[in-house]
Each structure stands twice: as C-alpha cells, then as structure tokens.
Amino acid sequence: MRERMARFMMGRNGTDQLAKFFLYLSLILIVITMFNHNPIVYLLAIASLVYSYFRMMSRNIQKRYYENQQYLRMTDKIRAFFRNLAGKIRYQKSKAVYDREQRKIYKIFYCPSCKQKIRAPKGKGKICITCPKCKMEFIKRT
Ligand SMILES: [Zn+2]
C-alpha cells in the first residue's frame, strides 16, 4: 500500500509550502462553515482543498516550484515574524523553567545598601552575606 502510494507520487510535485497553505486555509474555512453556513465560504474551502491536492498531484514540478518560490518570497516577512515570535516564546518558556529551578535552590536577597541582587543557597539557616558589589555585610536567614 505504502509502495503503491510512493509509486503514485513519483514524478509529482508532492507537498510544498503553498500546498500546505491552501490545505490549512481549507481546514480553517471548513471550521468557519460549521458556525456560519455561508455557501461561499464552503465553496472557497472546497476550492482551497482541491487546489492543494492539485499542487500535490501535479506533474508540472517546474511550474509548481516557481509558484512556490513566489509564494515564499511574498510571505517572507510574515513568516519571519512568526518564526521570531515562536523563538521569543520558546526563550520565555525556558527562562521561566530556569527561574523556577533557581528559586528551588536559591533564595534571592537585595543588598540593603546598593540594591544588588544576590542569591544564596536555601536551607543554610542564618548566614552572613557579603555583597559582591559594595562589600556590605548583612545577616539573613535562608
Ligand atoms: Zn551592595
């Protein structure tokens, strides 16, 4: 079955970004038609789906490649924006995890003199902390 599918897809364009775009677009439009039964939206959903499959099945790979490149060029800025956004979200998430881990091991103090942030290991009882910045000493319970 898988072999037959592979043979069927030989010499065809297959899934490219533009085909994916229309596939997702059709899915979104189908979801929309579930709420408002607009026949035009439904027609657009079907058209997107058909076009997406047309791209995947197409034997004119050269032409499909050119169209896909054009699509990528046109949406370059938008896609870069979402890539950056995804990167930022990933960074914030890993930072939150790191902070949470740090809070388990360390207690955060602020130097009473220069407000420098100082972390000290938890569960050591009363300790004398020396500020690394202004050398001020103060006693805290960790
Ligand atoms: Zn200080």
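User: What makes Tyr-98, Asp-99, Gln-102, Arg-103, Tyr-106, Ile-108, Lys-117 and Arg-119 lining residues of the largest pocket?

Analyst: In this predicted model, each of them counts as lining because it has an atom within 4 Å of a pocket point. A pocket is an open set of points on a 1 Å grid over the protein atoms alone, where a 1.4 Å probe fits, with protein on both sides within 12 Å along at least five of seven lines. Two or more of these residues come from each of α5 (76-105), β1 (106-110) and β2 (117-121), and α5 gives the largest share, four residues.

User: Why are Leu-18, Ala-19, Ser-26, Leu-29 and Thr-33 of α2 called buried?

Analyst: Good one! Buried means under 20% relative accessible area with a 1.4 Å probe, protein chains only, so these five fall below that cut-off. They lie on the same side of α2 because they cover an arc of only 100° around the axis, taken from the directions from the axis to the C-beta atoms. On the other side, Tyr-24, Met-34 and Phe-35 are exposed (over 50%).

User: What do the buried residues of α2 pack against?

Analyst: They pack against α3 (39-57) and α4 (61-74), where contact means heavy atoms within 4.5 Å.

Residues are numbered from 1 along each chain. Local features need pLDDT of at least 70 and side-chain atom pairs 80 or more, totals for chains, interfaces and linings use all residues, and side-chain values use heavy atoms, without hydrogens and water.
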